[in-house]
Amino acid sequence: MRTVDARGLSCPEPVILTKKALEAGESMYQILVDNPTAKENVTRFATHQGYKVSYKEEGEDYILTLKK
Amino acid sequence: MNDSTTKKETILIIAAGLIIGAIAVGLVFFGNPANMGFCIACFIRDTTGALGFHSAAAVQYIRPEIVGLVLGAFILALVTKEFKPRGGSAPVTRFVIAMFVMIGCLMFLGCPFRMILRLAGGDFNALFGILGFVGGILLGVVFLKKGYTLKRSYSMQKTEGTIFTVLQLVILALLVAAPAFIHFTETDGGPGAKHAAIGISLVAGLVVGALAQRTRLCMVGGIRDVVLFGEWKLLSGFLAILVAAFIGNAILGFWNPGFAGQPIAHTDGLWNALGMALAGFGCVLLGGCPMRQLVLAGEGNTDSAVTVIGLAAGAAIAHNFGLASSAEGPTANGKAAVLVGIVVLLVIAACNSIRKKGAA
């Protein structure tokens, strides 16, 4: 499972990093973000790419899990 | 989240866009300048003038819409627990980019928000603005794809995240108290003299600020996300504002199609386009349009607060150095400043796109 750490970055950077990582075509990813806008945008993008997205909050951060 | 959540978000932003477009036309009805129910650039410029940082007598008034936008976003962010003080992502760079964004906006005579409102009022000069705006955004996207970043932000103290909102309340108090050292455009003295009643402007700002916070509405993000990811959510909000403002203008008889004689606008197509190209490029580098920066500042983002202060500095410079256009057209100084701005932003974008090999 590949992990993308996009904490502290503002949009669209978390989505760009996610997009780049998804190009590897792996079936599972973990994306770390720390603001709700990034969480929503990454989720929307990954959903459109055919991934199932779930998330949990950990302190200030959101940990998104993308599965295909 | 799944596809239906995505759909819900899109419906919400379209509804918000329709309400915001209607409010913008309503503000003109209640006294704001024509096609200027909202203009973040113009309103920050007016407030900057009222505080005495520039002395263009025609454009001096503390605009409660700006205070309302920040306050509305702040309150809703508190309610939804999205208030998170953060900052430290290249604040000085952001300040400089914002200065040039303002200079670009004042070449065109409007921020991206007013660009839509001008088009909705029949001011076809805005079409050149949109052309340049899209060009500027595409240029910014090239750098985003090359890895442009201003690096990450960090958590800040609560006071640091709140202080900008408090500052807005102080500015509002200065409007209400109107001490002698605050400058107000005299009646019939220019756009600064045209404004809705304080309460109406403030409530309009509060509502729009809250809606924009909730929906993440952003004028520059819309086109950017479509180009980068094929994402239409933000752009649909942008289009909804256009539709609602157009209908509102048609109903109230404000629709006045043409190029010449448009309110607070000039007909120099090339410089309308280049001004908005600078603004669009800068906004992509900043991560959001001027309105979005106000909303983020309300949410506790101190980088956005610095950006807004940079916009204000840009407005002061634009009027002190004779860079801002008028109905007669652009100035020679303004043209030079826009070209300098494009070069400066290209350098900033290039310097922040270079990455060490192996770094993610």
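Predicted model: local features only at pLDDT ≥ 70, side-chain atom pairs only at ≥ 80, totals over all residues.
Helix H2 of chain A covers residues 36–48 and contains 13 residues. From its first C-alpha to its last the helix reaches 18 Å, close to the 18 Å expected at 1.5 Å a residue. Of these 13 residues, 12 are buried, so H2(A) is largely enclosed by the rest of the structure. Among the buried residues are A:Glu40, A:Arg44 and A:Phe45. Just after the helix, A:Gly50 adopts a positive phi of about 90°.

Over all chains, the structure holds 13 salt bridges. The table lists three of them.

| Residue | Partner | N to O distance |
|---|---|---|
| A:Glu40 | B:Arg216 | 2.7 Å |
| A:Arg44 | B:Glu9 | 2.9 Å |
| A:Asp61 | A:Arg7 | 3.2 Å |

In the A:Asp61 pair, the partners are 54 residues apart: A:Asp61 lies in strand S4, and A:Arg7 in the loop between strand S1 and helix H1 of chain A. A:Asp61 is buried, at 19% relative accessible area, whereas A:Arg7 is partly exposed, at 27%.

A:Glu40 lies in helix H2 of chain A and B:Arg216 in the loop between helices H8 and H9 of chain B, so this pair joins two chains. Both A:Glu40 and B:Arg216 are buried.

A:Arg44 and B:Glu9 are likewise both buried. Salt bridges with shared partners join A:Arg44, B:Glu9, B:Glu231 and B:Lys233 into one network.

In chain B, B:His266 occupies the loop between helices H10 and H11. With 2% relative accessibility, B:His266 counts as buried. Its side chain reaches the backbone nitrogen of B:Asp268 at 3.2 Å, and residues touched by B:His266 include B:Met107, B:Arg118 and B:Pro330.

Note on methods. Residues numbered from 1 in each chain as written. Chains lettered and ligands numbered in written order. Heavy atoms only, no water. Helix = DSSP H or I, 4+ residues; strand = E, 2+ residues; numbered from the N terminus. Expected span 1.5 Å × (residues − 1). Buried < 20%, exposed > 50% of the residue type's maximum accessible area, 1.4 Å probe, protein only. Polar contact = N/O pair within 3.5 Å; in protein donor to acceptor, adjacent residues only side chain to side chain. Contact = heavy atoms within 4.5 Å. Salt bridge = Lys/Arg side-chain N within 4 Å of Asp/Glu carboxyl O. Lists of a residue's contacts leave out its neighbours within four places in sequence.
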